[in-house]
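User: I'm new to reading protein models and would like to work through this one with you. Can we go step by step?

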Amino acid sequence: MQMACSDHIKLSTFIKSVHSNLREKSKSIGFQEAWKEHCRDEQTLEEYAKAMKELAISHWQNNFEKNNSKAISRVEWIYKYCLEYFYNDEAKIQLLRQREREFEIASKMEILLEAILLTPEKCLKLLDVGSCYNPFARYDIFDVLAVDIAPSNPDVYKMDFLTTNIDGTGISENNLPIEHFEIVVFSLFLEYLPTPDLRIQSCMKAYKLLKPEGLLFIITPDSKHVGANAQVMKSWRYILAKIGFSRVRYEKLSHIHCMAFRKSLDKRIAERWADLHENYKIYDKIYIPQELQTKQNTVKTETSITDNKVLFDIDSELPFSSITLMDDIR
Ligand SMILES: C[S@@+](CC[C@H](N)C(=O)[O-])C[C@H]1O[C@@H](n2cnc3c(N)ncnc32)[C@H](O)[C@@H]1O
């Protein structure tokens, strides 16, 4: 057990150091140069891919499987919500409920809805961005396109999501098709990106790639209690609404926030929610707690932060850090 714990610490320390080096480099030489250098550093990318796969499969997955509690993994959470959203009994199917809700709002706003309504096929097209080892391949309901700058499995496509184009045509190393996917997954992906602007750009890309009524899943690590980073999560919700997404499911599991965002039938419907919830606009960008801690130390007067109650989890860049320390999953 001791061995497993020290392995776990070694792997997660290495992964976190790659993220933080990239953030620091971006500050000193600018994002463009730092990213280019990072993508050229094949040795680090390869080491990262191996470490990430081992951490996810040998430690997190095993821990979940050993533990007979209600804990579920991020991958399972996404799978279960997809069943509920796309395939539940007709009376309960989330897709239809959300559609009905949006039709009501559109009629109040006098919007004529023109988007093509989504009809789920037997297989849902899922784009897994920053997939690493293709964890969704095992589910029959998904037709997966797994992409990563450093694939750790041969069935993961080598692609830089930041530089890839999106247009009407096919799939290649530099291109993804517009409004093609029912599902886009960012699982532990946004934290890797070194600036808040890049995270927003990635969410905007996801919006373009999804069919109307499709889902964007965002999984982000946080070992603290549900309220600790509530301000951050509110801001994310607000910003995503401005892009055209409505949050349809949110759950805080022991070490992660799990979120499902629906691409609205009309962008104005999601934007309306944001306009009615201006108080959610605490930060105007998609920050991660680590950045806010530094930022708070230097800029005390961040927009509408009114108190000091937000506690940022410096160790939560990767989930489950506390498993190692406490040898326990709750
Ligand atoms: C923390 S890992 C998450 C792996 C997996 N999604 C999971 O949940 O276990 C982040 C992954 O994102 C990949 N990545 C980072 N930036 C990327 C980009 N611009 N395009 C594609 N993949 C990227 C990294 O190589 C890494 O495999």
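User: Is Asn 134 buried or exposed?

Analyst: Keep in mind that this is a predicted model. Asn 134 sits in the loop between E1 and E2. Its relative accessibility is 8%, and the cut-off for buried is under 20%. So Asn 134 counts as buried.

User: What is the phi of Asn 134, roughly?

Analyst: Asn 134 is not a glycine, yet its phi is positive. The value is about 55°.

User: Which loop holds Tyr 139, and is Tyr 139 buried or exposed?

Analyst: Tyr 139 is found in the loop between E1 and E2. Its relative accessible area is 8%, and anything under 20% goes down as buried. That makes Tyr 139 buried.

User: What about Asp 140: buried or exposed?

Analyst: Asp 140 lies in the loop between E1 and E2, with E2 covering 142-148. Its C-alpha is 9.2 Å from that of Leu 124, which is 16 residues away along the chain. The relative accessibility of Asp 140 is 70%, and over 50% is the mark for exposed. So Asp 140 counts as exposed.

User: And Glu 110, is it buried or exposed?

Analyst: Glu 110 belongs to the loop between H5 and E1. Its phi is near 55°, a positive value in a residue other than glycine. With a relative accessible area of 73%, it passes the over 50% cut-off. Glu 110 is therefore exposed.

User: Which residues is Asp 266 in contact with, apart from its neighbours within four places in sequence?

Analyst: Asp 266 is in the loop between strand E9 (256-263) and helix H8 (267-276). It has a relative accessible area of 14%, so it is buried. Leaving those sequence neighbours aside, its contacts are Ile 111 and Leu 113.

User: How are H4 and H5 set relative to each other?

Analyst: Two packed helices are described by the angle between their axes and the distance between the axes. Here the axes of H4 and H5 (residues 94-108) come within 5 Å and cross at roughly 60°. Angles of 65 to 115 degrees would count as roughly perpendicular and those under 35 degrees as roughly parallel. H4 and H5 are therefore oblique to each other.

User: Which residues of H5 meet H4?

Analyst: On the H4 side, the contact uses Tyr 81, Glu 84 and Tyr 85. The residues of this contact divide into three nonpolar, two polar and one charged. On the H5 side you'll find Gln 94, Leu 95 and Gln 98.

User: How much space lies in the largest cavity?

Analyst: First the tally: there are two cavities of 30 Å³ or more. The largest is lined by 31 residues, and Gly 130, Ser 131, Asp 148, Leu 188 and Phe 189 lie nearest its centre. By class, that lining has 21 nonpolar, four polar and six charged residues. The space in the largest cavity is about 420 Å³.

User: Which element gives the largest share of the lining of the largest cavity?

Analyst: Helix H3 (42-66), helix H4 (74-87) and strand E1 (124-129) each supply at least two residues. The largest share is three residues, and the element that gives them is H3.

User: And which element gives the largest share of the lining of the second largest cavity?

Analyst: This cavity holds about 40 Å³ of space. Its lining includes Thr 220, Asn 229, Trp 236 and His 257. Strand E7 (210-221) and helix H7 (230-243) are the elements that give two or more residues to this lining. With three residues, the largest share comes from H7.

User: Stepping back, what share of the residues in the chain is buried?

Analyst: The chain has ten helices and nine strands. Among contacts between residues at least 6 apart in sequence, 68% join residues at least 24 apart. Of the 330 residues in the chain, the buried share is 52%.

Methods
Residues are numbered from 1 along each chain as its sequence is written. This is a predicted model: local features need pLDDT of at least 70, side-chain atom pairs count only at pLDDT 80 or more; totals for chains, interfaces and linings use all residues. Side-chain values use heavy atoms; hydrogens and water are left out. On a 1 Å grid over the protein atoms alone, a cavity is a set of points where a 1.4 Å probe fits but cannot get out, and a pocket is an open set with protein on both sides within 12 Å along at least five of seven lines; lining residues have an atom within 4 Å of a point. Grid points are joined across faces, edges and corners, and a volume is the space filled by probe spheres set on the points. Helices (H or I, at least four residues) and strands (E, at least two) are DSSP runs, numbered from the N terminus. Ala, Val, Leu, Ile, Met, Phe, Trp, Tyr, Cys and Pro count as nonpolar, Asp, Glu, Lys and Arg as charged, and the others, Gly among them, as polar. Axes are lines fitted to C-alpha atoms, for helices over the stretch in contact, and angles run from 0 to 180 degrees between N-to-C directions. Angles under 35 degrees count as roughly parallel, over 145 as roughly antiparallel, 65 to 115 as roughly perpendicular and the rest as oblique. Contact means heavy atoms within 4.5 Å. Buried means under 20% relative accessible area, exposed over 50%, partly exposed in between (1.4 Å probe, protein chains only).
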